[in-house]
Amino acid sequence: MSAERTLYWENESTLIVADLHVGKTGHFRKAGIGVPQSVYKDDLHRLLAQILFFKAERLIIVGDLTHSTTNKELDLFRRWRKDFPSLDVHLVKGNHDILEEKWYGDADIIVSAGQLQVKKFLFVHDILKAGIKPSKGKYIFSGHLHPGISIRGRGRQTLHFPCFYFAKNYCVLPAFSRFTGTYQVEPKEGEKAFAIIEKDIVQLK
């Protein structure tokens, strides 16, 4: 796990992320909400840094690479993609990935409509909507939920952080994009949550 909201599979030289929501800030600007493009550019720089740091040969995106229809930020992503011709990019489509197939082809992205299996690991965007039942010997990685967890102090103050959420048979990854909300998770017995607190990862449950 990385505090930059990524997971690295060392044996497969694979970086795993979910919910990049490329184009979301541009979508907001079109609607008249002044979100600076620097928010999106920071996400791209973080992704670049993670690929270089881990020397990843493959990138698996567990849904919601994009946020909506084409805009200038998607064009910027395609230019960014061309800087990594040797990087294999796999996308498991999420509910926001609505672009035409040609766009993904031009960006040299391998697309899986529902799920992607690599060895004993299964990648799906929304584990609940997919209706996949965990099976013995197979572990599932998903996104969509944007999990977060809270720390409550004695004085009723509450701090909320994105997290990696590990259940017995599946893991829900934090949204890679920082321009997203979070959904409060309450780990049950035997489950674990690792909060992302600035540059550190802290196990809270």
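Which residue in strand 12 is the bridge partner of G148? The partner is Q184. The structure described here is a predicted model, in which local features need pLDDT of at least 70 and side-chain atom pairs count only at pLDDT 80 or more, while totals for chains, interfaces and linings use all residues. Residues are numbered from 1 along each chain as its sequence is written, and side-chain values use heavy atoms, with hydrogens and water left out.

The opening pair belongs to a parallel arrangement: strand 9 (residues 147–152) and strand 12 (residues 183–184) are joined by two bridges. Strands are DSSP runs of E with at least two residues, and helices are runs of H or I with at least four, both numbered from the N terminus. Two strands pair if DSSP finds at least two bridges between them. Strand 9 also pairs with strand 10 (residues 158–166), here in the antiparallel sense and over five bridges. In strand 10, the residue opposite G148 is P162.

A further set of strands involves strand 6 (residues 115–118) and strand 7 (residues 121–124), which form an antiparallel pair with four bridges. V118 has F121 of strand 7 as its bridge partner. These two strands make a hairpin with two residues between them, and K119 in the turn has a positive phi of about 55°. Strand 7 is in turn joined to strand 8 by three bridges, and strand 7 and strand 8 run parallel. F121 finds its bridge partner in strand 8 at Y139.

A pair of aromatic rings is described by the distance of the centres and the angle of the planes. Rings of Phe, Tyr and Trp (its six-membered ring) pair if their centres lie within 6.5 Å; planes under 30 degrees apart count as stacked, over 60 as edge-to-face and the rest as tilted. The whole structure holds twelve aromatic pairs. In one of these, F77 and W103 have ring centres 6.3 Å apart and planes at 20°, so the pair is stacked. This pair links distant parts of the chain, with F77 in helix 3 (residues 72–82) and W103 in helix 4 (residues 101–106), 26 residues apart. Residues are called buried under 20% relative accessible area, exposed over 50% and partly exposed in between (1.4 Å probe, protein chains only). F77 counts as buried at 1% relative accessibility, and W103 counts as buried at 8%.

The rings of F166 and F194 have centres 5.8 Å apart and planes at 90°, so this pair is edge-to-face. Because F166 lies in strand 10 and F194 in strand 13 (residues 192–197), the pair ties together parts that are 28 residues apart in sequence. F166 and F194 are both buried. An aromatic ring also takes part in a contact with a charge: R46 lies over the face of F176, at 4.1 Å from the ring centre. Such a contact requires NZ of Lys or CZ of Arg within 6 Å of the ring centre and within 35 degrees of the ring normal.

The loops can be considered next. G63, in the loop between strand 3 (58–61) and helix 3, counts as buried at 0% relative accessibility. Its C-alpha atom is separated by 9.5 Å from that of G114, which is 51 residues apart along the chain. K55 is in the loop between helix 2 (38–54) and strand 3. Phi of K55 is near 55°, a positive value in a residue other than glycine, and K55 is exposed, with a relative accessible area of 66%. D108, in the loop between helix 4 and strand 5 (109–112), likewise has a positive phi of about 55° although it is not a glycine. With a relative accessible area of 45%, D108 is partly exposed. K138 is found in the loop between helix 5 and strand 8 (139–142) and counts as partly exposed at 28% relative accessibility.
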